[in-house]
Amino acid sequence: MGSRLTNQTAAMNQSLAKQALSEPVSEYQHALLALLPRGNAWAKVPDSQLGKLMAGISEELARVDQRALDVLKESHPSQAYETFAQWEAEYGLPDPCSGVDPSYQERLAALLQSYRMKGSQSREFLIEIAAIMGYQITITEYQTARYGQPYGSLYGGEDWAFTWQINAAQYSPKTRHYGDPWGDRYRTWSNQRLECVFNRLKQAHTHIIFKYIEEK
């Protein structure tokens, strides 16, 4: 799937690049004509034969210029297209948490989650990781019942001190966006990656409960 994605996005980028090159070509053409010697032998009109020659040279200069801008975009995974597969390989993706045949948006979310993850066990860190993957969650923490708790409080044994709960919407759809690879699904929804990633992130002695809330 990685090669298919690379080929499709490369073709799309080439089409967009051709549309974006017309103005830079004109600018390069005028610059090259301005650098020519003075005199009647040097027709500096864009529609002249010499002007057309400069336009041909300008197309290559503008193309190289555009490719330099493309390299800058590819330097961050959120904007990577041609190097998307290389970015995934760098972070060991797709991984077992990606599921079977993930969509581009799911793969992108997984890549950004891996790219931005620095490691922590705080509530804020875990909520942020979920948000990067496209899930809005809250976290409920439990504790062991103790003498003196208010009447009516939940009663829990010692194991509850190491149990926490992820609260998330029952459905967290990932929608296809303009520019995504041709043939990708328009919408997908699955909580499989949320559970897989958090079960890997949790401390070994803790237990997670996943609670999915049906939206009304």
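**Entry: ground rules.** I am working from a predicted model, in which local features need pLDDT of at least 70 and side-chain atom pairs count only at pLDDT 80 or more, while totals for chains, interfaces and linings use all residues. Residues are numbered from 1 along each chain as its sequence is written, and side-chain values use heavy atoms, with hydrogens and water left out.

**Entry: overall make-up.** I looked up the secondary structure and noted seven helices and five strands, where helices (H or I, at least four residues) and strands (E, at least two) are DSSP runs numbered from the N terminus. Read along the sequence, these elements follow the pattern α-α-α-α-α-α-β-β-β-β-α-β. I then turned to burial, taking buried as under 20% relative accessible area, exposed as over 50% and partly exposed as in between, with a 1.4 Å probe and protein chains only. By that rule 36% of the 216 residues count as buried. For the accessible surface I wrote down about 14,100 Å², of which 55% belongs to carbon and sulfur atoms; the areas come from the Shrake-Rupley method with a 1.4 Å probe, and for residues only the protein chains shown count as cover.

**Entry: the sheet.** In what order do the three strands of the open sheet stand? I read the order as E1-E2-E5, with mixed pairing, two strands being paired if DSSP finds at least two bridges between them. The edges are strand E1 (137-141) and strand E5 (207-213), each of which pairs on one side only. Neighbouring strands of this sheet are turned by 25° against each other on average, direction ignored; axes here are lines fitted to C-alpha atoms, for helices over the stretch in contact, and angles run from 0 to 180 degrees between N-to-C directions. I reminded myself that strands of a sheet pair through backbone hydrogen bonds, either parallel or antiparallel. E1 and strand E2 (residues 163-169) pair in the antiparallel sense over five bridges, and Thr140 stands opposite Gln165 in E2.

**Entry: helices against the sheet.** I checked next which helices meet these strands. Helix H6 (residues 123-132) lies across E1 and E2 and runs at about 145° to E1. H7 packs on the sheet as well, touching E1, E2 and E5, and its direction makes about 160° with that of E5.

**Entry: the disulfide.** I found one disulfide in the structure, the criterion being a pair of cysteine sulfur atoms within 2.5 Å. The partners are Cys97 and Cys196, with their sulfur atoms 1.8 Å apart, and at -70° about the S-S bond the link is left-handed. The pair joins distant parts of the chain, since Cys97 sits in the loop between helix H4 (84-90) and helix H5 (104-116), whereas Cys196 belongs to helix H7 (residues 192-201), 99 residues apart. Cys97 counts as buried because its relative accessibility is 1%.

**Entry: salt bridges.** A search of the whole structure gave me seven salt bridges, each defined as a side-chain nitrogen of Lys or Arg within 4 Å of a carboxyl oxygen of Asp or Glu. Which residues does the network around Arg67 link? I noted Arg67, Asp70 and Glu82. Arg67 and Asp70 have their closest N and O atoms 2.9 Å apart, and both lie in helix H3 (residues 49-74), three residues apart, about one turn of the helix. Arg67 is partly exposed at 35% relative accessibility, while Asp70, at 14%, counts as buried. Between Glu82 and Arg67 the closest N and O atoms are 2.8 Å apart; Glu82 lies in the loop between H3 and H4 and Arg67 in helix H3, so this pair ties together parts 15 residues apart in sequence.

I also followed the salt bridge of Glu141 with Arg123, whose closest N and O atoms are 2.6 Å apart. Because Glu141 lies in strand E1 and Arg123 in helix H6, the pair ties together parts that are 18 residues apart in sequence. Glu141 is exposed at 57% relative accessibility, and Arg123 is partly exposed at 34%.

**Entry: Ser58.** Leaving aside neighbours within four places in sequence, Ser58 is in contact with Val25, Tyr28, Gln29 and Leu32.

Conventions: Contact = heavy atoms within 4.5 Å.
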